[in-house]
Amino acid sequence: MPRATTAKVPHPAMERTLPEPDAIRTPLSSRQRKARSVNKRAAQERLPATQYAATEALISRPERWSELNDALSDAAGDVQDLDDRQRRDIQRVDRAVQAFERANDRGHVVYSNVRMPAVINRSNLDGFVRNNFPTGTVVYFDRFTAGAHTMHEIETDAAPEDRSVVFEMQTRRGAYLGYSDSVDDTSHLLPRGMRLQVAGAHRATYRRPNGTLGSRHIVQLVDLDEPSTTN
Amino acid sequence: MSWTDSHGRPELRMHPDIKRGVASYRTEKPLEQTAPDTADGAAVDSSTAQPPKRVAG
């Protein structure tokens with residue numbers, strides 16, 4: 001599995017920690033987005049053509065995303081079981097993500113949708129989450145995971161709020177692939193092979209850019225493999 | 001005008017359907033809450049919504 005290559009955080013304030021359960025999750029500030037965008041562009045500038053092409057294909061084409069991630073799931077994350085072309089492209093993305101990690105000096109809180117089984121609905125979602133994600137449970141990602149730094153960006157009919165939850169993940173890892181403050185886009189690519197631990201589960205409120213509020217079930221996760229790198 | 005790097009490549013951008021997609025994961029419960037027959041953990045492909053083998057708790 002690719003190892004973490006995160007840069008040092010120059011100040012504890014630049015770490016991002018999980019919000020309190022009753023805190024309203026708000027969009028990322030303009031200053032935060034600008035700073036992350038600067039680091040993103042600096043990292044892209046240094047990417048070799050092969051890593052750029054492999055990453056671009058993975059994150060911009062849903063069919064490619066499914067193909068490579070399904071292959072990783074079938075192999076339980078072991079790239080040695082994949083064909084040469086898939087293994088080569090995945091390892092190029094691994095190295096690209098590590099380049100983004102080296103260029104980043106901030107912590108992240110990343111949100112991703114998780115769909116619950118078909119038998120789950122509004123009336124039993126709370127109990128299902130409590131039973132399946134008790135504090136201390138370890139969650140593994142064999143595949144690449146996509147998400148965003150804000151909750152409103154991952155709203156979708158494919159993960160309706162009465163049959164899905166949101167993973168709220170504190171980590172230093174992955175690649176910020178969002179934009180600066182001109183576009184509502186704070187996308188983030190997490191590396192394959194991550195290990196996170198459940199820190200809590202509850203319902204949480206979030207604010208959209210237009211000021212309206214939304215509410216989702218959240219499972220809070222903390223990265224188990226991130227190095228302590230604060231100066 | 002859109003930003004391009006010094007190699008003339010456009011800025012990397014994630015497809016919105018990928019960003020909003022569902023994550024796939026495996027879980028391993030804490031030891032004191034894990035029944036003997038689930039000690040290896042439960043695999044959940046969220047994209048196909050397979051439930052864990054057993055719900056502890």
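Mentor: One term before we start: two residues are in contact if their C-beta atoms, placed from the backbone, lie within 7 Å. Also, this is a predicted model, where local features need pLDDT of at least 70 and side-chain atom pairs count only at pLDDT 80 or more, while totals for chains, interfaces and linings use all residues. Residues are numbered from 1 along each chain as its sequence is written, and chains are lettered from A and ligands numbered from 1 in the order in which they are written.

Trainee: OK, how many residues of chain B are in contact with chain A?
Mentor: 32 residues of chain B, and they meet 44 residues of chain A.

Trainee: Which element gives the most to chain B's side?
Mentor: Strand E1 (25-28) of chain B, with four residues. Helices (H or I, at least four residues) and strands (E, at least two) are DSSP runs, numbered from the N terminus.

Trainee: And what does E1(B) pair with?
Mentor: Strand E2 (residues 138-141) of chain A, in the antiparallel sense over three bridges. Strands pair if DSSP finds at least two bridges between them.

Trainee: Which residue stands opposite Val138(A)?
Mentor: Glu28(B), in E1(B).

Trainee: New topic: at what angle do H2(A) and H4(A) cross?
Mentor: Roughly 100°, and the axes of H2 (residues 49-60) and H4 (residues 84-103) of chain A come within 8 Å. Axes are lines fitted to C-alpha atoms, for helices over the stretch in contact, and angles run from 0 to 180 degrees between N-to-C directions. H2(A) and H4(A) are therefore roughly perpendicular (65 to 115 degrees).

Trainee: Which residues of H2(A) make that contact?
Mentor: Thr50(A), Gln51(A), Ala54(A), Thr55(A) and Leu58(A).

How values were computed:
Angles under 35 degrees count as roughly parallel, over 145 as roughly antiparallel, 65 to 115 as roughly perpendicular and the rest as oblique.
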